[in-house]
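Here is a briefing on one protein model. Look over the sequence and the fold before reading the points.

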Amino acid sequence: METIDRIKEQISENTILLYMKGSPKLPSCGFSSQASQVLMACGEKFAYVDILQNPDIRAELPKYADWPTFPQLWVDGELVGGCDIIMEMYQQGELQTLITESAAKNSSAESSE
């Protein structure tokens, strides 16, 4: 499977997806650590992809997303942004709303299928 196809599949299969360096429990950079911490604080499950373990995704995702840095948060197939945007949204209460509504919408969609 082509890298871009894998990226598209990951984004479509995961309601809340964080592309990051490392894992939420063991982040490999401060920005990834901050992003995963605020996502965990939102209280919903989210998927992640460790770009350090996936150099092909690390190389291709910035071109696909038209976003040069990591981490990258994707919700409902849309790029939300990187660490600064995630932190700002969290501080304003917008991230919690986005994450909660997205998780609720998708869990009700799953239970009705």
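Predicted model: local features only at pLDDT ≥ 70, side-chain atom pairs only at ≥ 80, totals over all residues.

Residues are numbered from 1 along each chain as its sequence is written, and side-chain values use heavy atoms, with hydrogens and water left out. Helices (H or I, at least four residues) and strands (E, at least two) are DSSP runs, numbered from the N terminus.

**The sheet**

- Four strands make an open sheet: 4 strands in the order S2-S1-S3-S4, with mixed pairing.
- Two strands pair if DSSP finds at least two bridges between them.
- S2 and S4 are the edge strands, and each pairs on one side only.
- From one strand to the next, the twist averages 25°.
- S1 (residues 16–20) pairs with S2 in the parallel sense, over 4 bridges.
- S1 and S3 run antiparallel, joined by 4 bridges.
- Leu-18 stands opposite Tyr-48 in S2 and opposite Leu-73 in S3.
- S3 (residues 72–75) and S4 (residues 78–81) are also antiparallel, with 3 bridges between them.
- One of the pairings here sets Trp-74 against Leu-79 of S4.
- S3 and S4 form a hairpin with 2 residues between them. In the turn, Asp-76 has a positive phi of about 50°.
- Gln-72 and Trp-74 point one way from S3, while Leu-73 and Val-75 point the other way. All of these are buried (under 20% relative accessible area; exposed is over 50%, partly exposed in between; 1.4 Å probe, protein chains only).

- Axes are lines fitted to C-alpha atoms, for helices over the stretch in contact, and angles run from 0 to 180 degrees between N-to-C directions.
- H3 lies across S1, S2, S3 and S4 and runs at about 60° to S3.

**H1 against H3**

- Two packed helices are described by the angle between their axes and the distance between the axes.
- The axes of H1 (residues 3–13) and H3 come within 9 Å and cross at roughly 75°.
- H1 and H3 are therefore roughly perpendicular to each other (65 to 115 degrees; under 35 is roughly parallel, over 145 roughly antiparallel, the rest oblique).
- H1 contributes Thr-3, Ile-4, Arg-6, Ile-7, Lys-8, Gln-10 and Ile-11 to the contact (heavy atoms within 4.5 Å).
- H3 contributes Asp-56, Ile-57, Glu-60, Leu-61 and Tyr-64.

**The aromatic pair**

- How many aromatic pairs does the structure hold? The structure holds 1.
- Tyr-64 and Trp-74 form this pair, which is stacked, at 6.1 Å centre to centre and 25° between the planes.
- Rings of Phe, Tyr and Trp (its six-membered ring) pair if their centres lie within 6.5 Å; planes under 30 degrees apart count as stacked, over 60 as edge-to-face and the rest as tilted.
- Tyr-64 lies in helix H3 and Trp-74 in strand S3, so the pair ties together parts that are 10 residues apart in sequence.
- Tyr-64 counts as partly exposed, at 35% relative accessibility. Trp-74 counts as buried, at 6%.

**Leu-61**

- Leu-61 is in helix H3 and counts as buried because its relative accessibility is 0%.
- Beyond residues up to four places away in sequence, Leu-61 touches Ile-7, Tyr-19, Asp-66, Phe-70, Gln-72 and Trp-74.
- Leu-61 and Ile-51 are 10 residues apart along the chain, and their C-alpha atoms are separated by 9.5 Å.

**Loop residues**

- Asn-54 sits in the loop between strand S2 (47–50) and helix H3 (55–65).
- A polar atom of the Asn-54 side chain lies 2.8 Å from the backbone oxygen of Asp-50.
- Asn-54 touches Arg-6 and Val-49, not counting residues up to four places away in sequence.
- Gly-93 is found in the loop between helix H4 (83–91) and helix H5 (94–111).
- Gly-93 is partly exposed, with a relative accessible area of 27%.
- The C-alpha atoms of Gly-93 and Cys-42 are separated by 9.8 Å, with the two residues 51 residues apart along the chain.

Conventions. Polar contact = N/O pair within 3.5 Å; in protein donor to acceptor, adjacent residues only side chain to side chain.
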